Amino acid sequence: MAGIIWNVFAFLVLAPKMIPSYWFERGIGDFGQATGITATGLLLMKVVDPNNRTPALEGFGYKQILFEPLVGGGLFTAAAMPLVAQFGPVAILIFASIVTAFWMLLGLFYFGKK
């Protein structure tokens with residue numbers, strides 16, 4: 001339940017503030033990816049922009065170059081269990097929360113609407 005609430009909040013509140021142009025089209029792809037898999041995000045993007053009139057699909061693809069190797073089944077995903085075993089779940093939760101806050105603040109203040 002917490003994950004669903006977070007994803008809806010991020011889409012409805014944070015996306016308009018962090019994504020200056022075409023926030024809905026770009027945000028729906030991230031929402032779909034966060035609630036399922038990358039294909040879900042791509043499918044939702046094709047539903048809201050079937051003729052690719054916005055740069056949302058291209059931006060989603062560029063984001064994947066950095067996202068997938070690190071988080072989406074990449075390094076952190078593979079290292080999560082050994083890190084939890086080594087440092088404990090609370091330490092990894094704190095670390096992940098700090099990383100999430102960093103990227104969220106960067107998006108809000110550096111890339112957000114001017």
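This is a predicted model: local features need pLDDT of at least 70, side-chain atom pairs count only at pLDDT 80 or more; totals for chains, interfaces and linings use all residues.
Ala, Val, Leu, Ile, Met, Phe, Trp, Tyr, Cys and Pro count as nonpolar; Asp, Glu, Lys and Arg count as charged; the others, Gly among them, are polar.

Residues are numbered from 1 along each chain as its sequence is written, and side-chain values use heavy atoms, with hydrogens and water left out.

Now the largest pocket. A pocket is an open set of points on a 1 Å grid over the protein atoms alone, with protein on both sides within 12 Å along at least five of seven lines; lining residues have an atom within 4 Å of a point. Its volume, the space filled by probe spheres set on the points, is about 1,900 Å³. The lining has 35 residues. They divide into 25 nonpolar, seven polar and three charged. Nearest the centre lie Met18, Asp30, Lys63, Phe67 and Trp103. Which helices supply at least two lining residues each? α1, α2 (23-35), α4 (56-70) and α6 (89-109) do. Helices here are DSSP runs of H or I, at least four residues, numbered from the N terminus.

Next, two single residues. Val8 sits in helix α1, residues 2-18. Asn52 is in the loop between α3 (38-48) and α4. Buried or exposed? Buried means under 20% relative accessible area, exposed over 50%, partly exposed in between, with a 1.4 Å probe and protein chains only. Val8 is at 34%, so it counts as partly exposed. Asn52, at 38%, is partly exposed too.

How values were computed
On a 1 Å grid over the protein atoms alone, a cavity is a set of points where a 1.4 Å probe fits but cannot get out, and a pocket is an open set with protein on both sides within 12 Å along at least five of seven lines; lining residues have an atom within 4 Å of a point.
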